[in-house]
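Below is a short briefing on selected parts of one protein chain. Look at the structure first, then follow the points by topic.

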Amino acid sequence: MKLEIKQQDIIPYVYFVSSMAQQSKSGMFGSLSSKSDLVGGIFDRWINIIPESIVFNQYFLPEAVKKLNMNKKVRVFSDFYMYDPKVVGIAPDVIGLQIENKIVPFVKYDDTKEDTKFWVPQTECPQIEVKSFFGKKYMVSLRDQHYGDKFLVMVGANIDVDYLLSFFDKNIFTENEISKLTMPNDFIESDNKGLISKTKQVEFNRCSLGSLELLCVTKASQFRNMALKLNAGEIPRYFVDVTQRKVKVKESNYSPNSLLSDYCDKQESGLYRFNDNWYSLFTTPKEKTLDIEIGGPNALRVIKKTTNSITVLAESDTFVNDYNLQKGNQYNINFGTFGSIAGEEYFINKGLLKYLPNMESNLIESLSQIIRKN
């Protein structure tokens, strides 16, 4: 399920981040941005808040209203307060709803409740976190920021690299100013290969700025229970793909020569987790390989290893994640690595989110109950 991102959807967020940028210039909320950040860098790091309202206003809330067979106007409230989260804690991504003209808080700020970090959940209201992942990602992760048993909505975001241009005032780019970009031919002796081009016209008025894809809805506790936990300084090694080898490894050169089952153990989730044999042979102690899906590790014989892949011989038809492997063929199972993490974090290969308990209907039902009562 994909949702289109339109300019009007993110206007409040652009203004919010712009305000934050100006506040940080004076030192206020400086902890929310890097010391080296200019406004572009602040936008790049805070754009992950955009999907929160879109996925609820365009999908979850309409589904909740439809479930009730009612005609109510409902919209989500996102957290547009400015504060230092190290002092007051972090509010849930969805802090409440507006149902017709009534405000229904899911949390309330109360600075007399320091033991709760000021944000107090309201009775019978769902607590919801939205995690956004931008661009092509092979894995998803979650830091345990005291999420407990909150709903966890995971969203893949594909935002156009030039999304901010739709908010520029094109009238400041007069023909006189643009003409200064014209490059005379005096600087070119020869361009037979056509490798140099002049500045192209900029389009400022695009309505569609990208799209969102709902990856899964689960509970934060369920994510942590299934995911691989990494500690500070460790490096996640994630699954990339499987490619069939065109040049086969000769049997006399098999090294190692053992079944994949020797290197992994089946988890309660149904996924396979790599064991000590794997780490002693294939990786450094700090690199932790994420769990994978295998049709049968006894069907794959490991015959070669490199820094970022293992070569296997399929001794019977099987599969690894979403890739089918046929008997008698040799394949490279390819991995990638990410930089070392700063603190405790939980990781899952993105393609395996289907193994998490699906709580989408539970979230919609919870929202429906709130809407019905108000």
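Strand E18, which spans residues 309-314, is mostly covered, with six of its six residues buried. The model is a predicted one.

*Side chains of E18*

- In a regular strand, side chains alternate between the two faces of the sheet.
- In E18, Ser309, Thr311 and Leu313 point one way, while Ile310, Val312 and Ala314 point the other way.
- Both sets of residues are buried.

*Partners of E18*

- E18 pairs with strand E17 (residues 300-305) in the antiparallel sense, over five bridges.
- Within this pairing, Val302 has Val312 of E18 as its bridge partner.
- Ser309 has Asn334 in E21 as its bridge partner.

**Helix H8**

- Helix H8 covers residues 360-373 and has 14 residues.
- From its first C-alpha to its last, H8 reaches 20 Å, close to the 20 Å expected at 1.5 Å a residue.
- An α-helix has 3.6 residues a turn, so residues three or four places apart point the same way.
- The buried residues of H8 are Glu360, Leu363, Ile364, Ser366, Leu367, Ser368, Ile370 and Ile371.

**A nonpolar patch on the surface**

- Which residues form a nonpolar patch on the surface? They are Phe168, Ile172, Phe173, Ile178 and Leu181, and together they have about 460 Å² of accessible area.
- Ile172 lies in the loop between strand E9 (151-159) and helix H5 (175-179).
- Ile172 counts as exposed because its relative accessible area is 54%, and the cut-off for exposed is over 50%.

**The sheet with E9**

- Four strands form an open sheet in the order E1-E10-E9-E7, and their pairing is mixed.
- Strand E1 (2-6) and strand E7 (128-134) are the edge strands, each pairing on one side only.
- On average, neighbouring strands of this sheet are turned by 30° against each other, direction ignored.
- E7 and E9 pair in the parallel sense, over seven bridges.
- Phe133 has Gly156 in E9 as its bridge partner.

Terms used
Residues are numbered from 1 along each chain as its sequence is written. This is a predicted model: local features need pLDDT of at least 70, side-chain atom pairs count only at pLDDT 80 or more; totals for chains, interfaces and linings use all residues. Side-chain values use heavy atoms; hydrogens and water are left out. Buried means under 20% relative accessible area, exposed over 50%, partly exposed in between (1.4 Å probe, protein chains only). Helices (H or I, at least four residues) and strands (E, at least two) are DSSP runs, numbered from the N terminus. Two strands pair if DSSP finds at least two bridges between them. The expected span of a helix is 1.5 Å times one less than its number of residues. Patches are made of residues with over 30% relative accessible area and no salt bridge: like charges are joined within 9 Å, nonpolar side chains (Val, Leu, Ile, Met, Phe, Trp, Tyr) within 5 Å. Accessible areas come from the Shrake-Rupley method with a 1.4 Å probe; for residues, only the protein chains shown count as cover. A salt bridge is a side-chain nitrogen of Lys or Arg within 4 Å of a carboxyl oxygen of Asp or Glu. Axes are lines fitted to C-alpha atoms, for helices over the stretch in contact, and angles run from 0 to 180 degrees between N-to-C directions.
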